[in-house]
Every structure is written in structure tokens, then in C-alpha cells.
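Take a first look at the chain shown here.

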Amino acid sequence: MNTTGKVDVLLGLQWGDEGKGKVVDVLTPNYDVVARFQGGPNAGHTLEFEGRKYVLRSIPSGIFQGNKINIIGNGVVLAPDLFMAEAKDLEKSGHPLQERLHISKKAHLILPTHRILDRAYEAAKGKAKVGTTGKGIGPTYTDKISRNGLRVGDILEDFEAKYEAHKARHLKMLAALGWTDFEGFDEIEKNWLEGIAYMRRFKLVDSEHEMNNILRSGKSILCEGAQGTMLDVDFGSYPFVTSSNTICAGACTGLGIGPNKIGEVYGIMKAYCTRVGAGPFPTELFDETGKAIRDKGHEYGAVTGRERRCGWIDLVQLRYSIMLDGVTQLILMKSDVLDSFETIKACVAYRLKDGSVTEELPYELEGVEPIYKEFKGWKTDMTKFKDPTQFPQAFCEYIKFLEDFLETPIKIISIGPDREQTIVL
């Protein structure tokens with residue numbers, strides 16, 4: 001795998017929670033640098049190895065790999081207090097961060113008042129609410145786009161005055177919304193300001209120059225996306241999406257690299273599908289099968305702990321994501337969750353409200369009816385397998401069908417949460 005002078009991108013192809021953290025950790029030994037290009041602390045990447053479990057929210061998943069540089073790019077939004085808590089936890093477990101982690105000066109800061117605005121906006125939407133994590137991500141990106149944001153580079157000079165001006169503007173907005181719930185705000189703000197002081201200890205960089213200098217020196221970079229393609233603000237199931245570009249193009253804008261620098265694009269998908277929060281989900285299961293997938297797959301949010309909605313794999317949606325992202329290799333996660341099922345289903349087309357059938361993702365996903373192809377289950381515990389030759393025939397046939405339908409090779413199959421439970425084809 002020669003990736004010299006190239007940037008490879010790894011991203012989720014569904015509605016997030018595909019298992020990106022584990023895969024980054026498996027792939028990072030092949031790279032010199034790992035960089036996060038969008039999203040905020042609403043994304044939880046879970047990694048398990050050597051009997052320990054870690055949840056990363058803002059810090060790239062390459063942080064566990066020796067002395068590699070990890071970069072938080074300009075497309076990320078950062079909450080200083082949550083960042084500090086996450087970083088201190090990692091330092092406690094013996095991972096020295098300050099020499100390994102660089103933060104873009106152009107990354108935007110999530111202010112304590114952004115979180116209150118998040119809650120106020122959701123409450124105002126009533127039944128139409130999006131189901132945000134309440135971490136202030138949306139309002140932070142709103143300030144960024146409306147040219148009102150506060151950035152990491154701002155903490156280096158005259159920060160207190162800048163902060164107070166932003167806070168005053170937000171308080172006016174909250175007053176206009178009639179919002180009065182500021183419970184615990186003083187404590188959050190105190191913590192947040194401690195987080196700002198803590199961030200000043202890190203190497204704050206112009207990440208676009210750093211990224212391109214790393215490439216010029218012949219080194220390789222893995223860009224790590226958060227959430228999933230179907231949560232992209234432009235191409236996802238709008239308005240039930242995140243506030244950033246989660247697709248491959250987001251790596252260019254979120255790190256400052258040209259599209260011609262991108263080499264491999266690893267697309268991660270689960271053997272089934274999940275979604276958190278509100279929004280359309282054509283293959284969602286409300287029966288015992290859906291519950292069985294949730295329980296076997298431990299489908300509860302890494303950050304929020306909330307139950308994920310579960311359903312069969314949606315190949316119409318996956319083909320759409322592969323097209324948008326320019327995926328060159330697929331990585332199949334959690335195939336072991338389906339080990340005990342008699343029958344496995346895959347959505348291969350949609351029936352639209354007017355009765356017509358399509359294999360393309362329509363503008364409006366609400367109310368489409370999935371058309372399934374059924375497969376015989378493999379009924380084999382694969383979690384201890386070490387080699388693809390051990391895979392049962394039914395599983396091999398299923399993989400072959402996925403590759404043919406999606407017109408993209410599956411290169412890695414995960415058969416359990418541990419780093420060791422990974423089979424490279």
C-alpha cells in the first residue's frame with residue numbers, strides 16, 4: 001500500500017455510526033499522519049483494544065499509533081471544555097497528546113451559548129425538530145457561515161473581549177426567542193474558559209500549509225470523516241442532517257488540500273443500517289428483527305447512549321453514497337451481527353408514492369417503500385475466524401452480490417469490535 005504523497009480519505013456511507021473509529025485504528029499503521037476534516041463532539045468514534053474501550057469525539061483516531069501526528073482540521077468545530085476532558089482522559093491512559101496533536105487555527109469554537117441556542121432552536125421547532133445532540137454544533141456552523149464565528153486562532157490575542165462580544169450577541173438572540181433556562185451556565189462557562197487555557201498548550205497551526213508541506217515531503221495522510229454521507233448538509237436527507245459536508249469533498253475544504261491529491265477513498269458501511277434521531281429511514285424495522293439487530297449490534301450512541309433505529313442494508317442509498325464520494329474500496333462492518341439470522345434482506349430498489357420503481361435515490365425519501373432481495377442466512381459464528389477461506393458459502397455469495405450491485409470491491413470485513421477481529425481480503 002504505497003500512499004506516498006497522497007491523501008487517502010475514510011468516511012461513513014450511511015447515517016453515521018458505521019464503525020469508522022475501529023477502521024482508522026486498523027489502517028493508521030500505514031500512514032504518517034491522521035487528520036479529522038469536519039464535524040464536532042457530536043461524533044463518537046469507539047475503539048477497543050488490549051481490553052480497553054475508548055470513545056473519541058474530536059481527536060483523530062490515529063492518536064493511539066505511536067508518535068504519529070494527528071491534525072484537527074479547519075472544518076472541525078471544537079468545544080474547548082469537551083476537548084480538554086477527552087484529552088486529559090487520554091493522557092491519563094498513557095497517550096502523550098501535546099507532541100502528537102496539532103489544531104488548525106481556522107477551526108471554529110463552540111461557545112457555551114451555542115449549546116443553549118441549540119436547545120432553544122430545537123424547542124422552537126416543536127414536532128418538526130431534527131433531533132440534534134444539543135452540543136451546539138448547528139449554531140456554531142451557522143455563525144461560521146454568517147461570518148460571525150470565533151476561531152481557535154482568536155484565543156492567541158485579545159480573546160476575552162472577543163468572547164464577551166460574541167456572548168452578548170447570543171444572549172440578545174436568546175432573549176428574542178424568550179429563552180430563560182440558563183441552569184448550570186456559570187459552571188459550564190468556567191470549565192469552557194479552562195478549556196481555552198488548556199488548548200493554548202497545544203501546537204496551533206495553519207493546517208492547510210502543514211498538510212501540503214507533509215505531502216511535499218513524500219509522507220502519507222489519512223483523512224478521517226465524522227458522521228456519514230447521508231447526513232451531509234447538501235446531499236443527505238435534509239433537513240435531518242448535520243451542518244457540515246460529510247462527503248469526500250469535505251476533506252478538501254476541511255483541510256485545505258486540492259482534489260487531485262486524493263488517492264484511495266475508503267467507504268465504510270454496516271451489514272445492516274442504523275440511524276439516530278429524526279428523519280426518513282426507508283428500511284427501518286419496527287419488529288422483533290429490528291430489536292434483535294439493535295441488541296446484537298449494541299446499537300446505542302457512543303456519546304449520547306440513545307437507542308439507534310435499525311433496519312436492513314439499503315443498497316440504493318449505498319450506491320448513491322459511493323457515487324458522491326468516489327469510493328474505491330468498501331469496508332464491511334458488523335457482519336457478525338447477522339450471524340444467527342435465517343434470512344438476510346437487502347433493499348435493491350424503491351417503490352415511490354406514485355407506484356413507479358427506481359434504483360436512484362429520490363429528492364424526497366419520506367414514504368418510499370423498499371423492495372428487498374432475500375438471502376439465505378449463513379448461521380455461523382464468524383467472530384473467531386482469522387482467514388477469509390473460513391467464511392461459509394452463503395456469506396461469500398452475499399459478499400459477491402454486494403460487490404456486483406455496488407460495483408466496488410469489499411477489501412476489509414469486520415467480524416467483531418476488537419482490532420484483531422478484522423479480515424483483509
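Leaving aside its neighbours within four places in sequence, which residues is Asp181 in contact with? They are Ile116 and Arg119. Contact here means heavy atoms within 4.5 Å.

This is a predicted model, in which local features need pLDDT of at least 70, side-chain atom pairs count only at pLDDT 80 or more, and totals for chains, interfaces and linings use all residues. Residues are numbered from 1 along each chain as its sequence is written, and side-chain values use heavy atoms, with hydrogens and water left out.

## More on Asp181

Asp181 sits in the loop between helix 5 (159-176) and helix 6. Helices (H or I, at least four residues) and strands (E, at least two) are DSSP runs, numbered from the N terminus. Asp181 counts as partly exposed because its relative accessibility is 35%. The cut-offs are these: buried is under 20% relative accessible area, exposed is over 50%, and partly exposed is in between (1.4 Å probe, protein chains only). Along the chain, Asp181 and Phe405 are 224 residues apart. Their C-alpha atoms are separated by 51 Å.

## Sites from the UniProt record

An unreviewed UniProt entry lists Asp17, His45 and Lys144 under "active site". Under "binding site", the unreviewed entry lists Asp17 and Gly44. UniProt positions are given in the numbering used here, feature names are shortened, and annotations may be inferred rather than shown by experiment.

Where does Asp17 lie? Its place is the loop between strand 1 (7-12) and helix 1 (20-27). Asp17 has 27% relative accessibility, so it counts as partly exposed. Leaving aside neighbours within four places in sequence, Asp17 is in contact with Lys270, Thr274, Val276 and Arg308.

Lys144 belongs to helix 4 (residues 137-145). Its relative accessibility is 27%, so Lys144 counts as partly exposed. Not counting residues up to four places away in sequence, Lys144 touches Asn74, Gly75, His108 and Gly149.

## How helices pack

Axes are lines fitted to C-alpha atoms, for helices over the stretch in contact, and angles run from 0 to 180 degrees between N-to-C directions.

| Helix pair | Angle | Axes apart |
|---|---|---|
| Helix 2 (residues 80-92) and helix 6 (residues 185-199) | about 60 degrees | 7 Å |
| Helix 10 (residues 315-325) and helix 11 (residues 393-406) | about 55 degrees | 10 Å |
| Helix 3 (residues 112-125) and helix 6 | about 135 degrees | 9 Å |

Start with helix 2 and helix 6. At an angle of about 60 degrees, they are therefore oblique to each other. Angles under 35 degrees count as roughly parallel, over 145 as roughly antiparallel, 65 to 115 as roughly perpendicular and the rest as oblique. Helix 2 passes helix 6 in a left-handed crossing. A crossing is left-handed if the near helix is turned anticlockwise from the far one by less than a right angle, and right-handed if clockwise. From helix 2, the contact residues include Phe83, Met84 and Ala87. From helix 6, they include Ile188, Trp192 and Ile196. By class, this contact has nine nonpolar, two polar and four charged residues. Ala, Val, Leu, Ile, Met, Phe, Trp, Tyr, Cys and Pro count as nonpolar, Asp, Glu, Lys and Arg as charged, and the others, Gly among them, as polar.

Next come helix 10 and helix 11, at about 55 degrees. That makes helix 10 oblique to helix 11. Leu315, Leu318, Arg319 and Ile322 of helix 10 meet Phe401, Leu402, Phe405 and Leu406 of helix 11. The residues of this contact divide into seven nonpolar, no polar and one charged. Helix 10 passes helix 11 in a right-handed crossing.

Helix 3 packs against helix 6 at about 135 degrees. That makes helix 3 oblique to helix 6. Pro112, Thr113, Arg115 and Ile116 of helix 3 make the contact with Phe185, Ile188, Glu189 and Trp192 of helix 6. The classes are five nonpolar, one polar and two charged.

## Backbone exceptions

Most residues other than glycine have a negative phi, and most peptide bonds are trans. His298 has a positive phi of about 50 degrees although it is not a glycine. Its relative accessible area is 60%, so His298 is exposed. Lys379 has a positive phi too, of about 45 degrees. Lys379 lies in the loop between strand 17 (369-376) and helix 11. A cis peptide bond joins Tyr238 and Pro239, with omega about 5 degrees.
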